[in-house]
Amino acid sequence: ATEELPEDVARSLSPKNRAFGDTRRVLSYFRLSPDGKRMIYGGRAKFGLTDAGEIAPTMYQFMLDRFPQLKGFKITHAWTGNVAFTLDEVPHMGNMDGLHYALGCNGSGVIMMTYMGTQVARKIAGVADYDCGFDGNVFPSSPLYNGNPWFVPTIGRYFKVRDWLDRRFM
């Protein structure tokens with residue numbers, strides 16, 4: 001999150017104060033803070049274990065690539081977390097033993113969880129009389145996966161190359 005921004009700069013970033021997510025494989029998502037004074041910018045800076053101090057400079061550069069007018073504004077808060085990826089690259093929601101869940105947004109949870117959370121809430125409240133396209137308790141597996149995501153850094157490098165190729169040749 002940036003330091004507090006002048007009102008005109010903040011308004012230039014998101015005139016209607018909306019949340020955004022891009023369509024890259026190494027995606028970014030961003031929005032102004034609820035008070036409209038800071039840019040909150042997130043994404044996948046590194047595929048593997050890391051800490052906030054290590055990824056903050058990379059995220060800052062990603063942010064400047066999208067919003068050059070933020071050059072010179074300081075980052076005051078940075079944090080990290082894990083992202084749930086599914087092997088079929090599709091989010092899943094359902095009910096298992098009375099526990100409702102929505103998970104596996106594959107890095108697009110900022111956008112998808114708004115929709116999926118609403119759908120799960122409708123099911124809990126008993127007002128949803130239809131299945132959503134993400135319903136189901138079947139999660140594809142792979143004989144090469146045993147719970148240790150050893151392959152994530154390799155997939156991350158692949159995603160970065162594909163994004164670069166897409167931007168260069170499309």
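Predicted model: local features only at pLDDT ≥ 70, side-chain atom pairs only at ≥ 80, totals over all residues.
Cys105 is buried, at a relative accessible area of 7%, where buried denotes under 20% relative accessible area, exposed over 50%, and partly exposed in between (1.4 Å probe, protein chains only). Cys132 is likewise buried, with a relative accessibility of 9%. Residues are numbered from 1 along each chain as its sequence is written, and side-chain values use heavy atoms, with hydrogens and water left out.

With a disulfide taken as a pair of cysteine sulfur atoms within 2.5 Å, the count is 0. Cys105 takes part in no disulfide, the nearest cysteine sulfur being that of Cys132, 11 Å away. Cys132 is in no disulfide either, and the cysteine sulfur nearest to it belongs to Cys105.

Secondary structure was assigned from DSSP runs, numbered from the N terminus, with helices (H or I) of at least four residues and strands (E) of at least two. Strands pair if DSSP finds at least two bridges between them. On this basis, 3 strands form an open antiparallel sheet in the order S1-S2-S3. Strands S1 (20-21) and S3 (39-43) stand at the edges with a single partner strand each, so one side of each is left without a neighbour in the sheet. The antiparallel pairing of S1 with strand S2 (residues 28-32) extends over 2 bridges, and Gly21 has Tyr29 in S2 as its bridge partner.

Helix H2 (residues 52-66) lies across S2 and S3 and runs at about 115° to S3. Contact here means heavy atoms within 4.5 Å; axes are lines fitted to C-alpha atoms, for helices over the stretch in contact, and angles run from 0 to 180 degrees between N-to-C directions.

The structure contains 2 salt bridges, each defined as a side-chain nitrogen of Lys or Arg within 4 Å of a carboxyl oxygen of Asp or Glu. One joins Arg11 to Glu7, with the closest N and O atoms 3.0 Å apart. Both residues belong to helix H1 (residues 7-13) and are 4 residues apart, about one turn of the helix. Arg11 is partly exposed at 44% relative accessible area, whereas Glu7 is exposed at 58%.

A salt bridge also forms between the side chains of Asp135 and Lys123, at 3.0 Å from N to O. This pair links distant parts of the chain, 12 residues apart: Asp135 lies in the loop between helix H3 (109-125) and helix H4 (152-169), and Lys123 in helix H3. Asp135 is partly exposed, with 24% relative accessibility, and Lys123 is partly exposed, with 22%.
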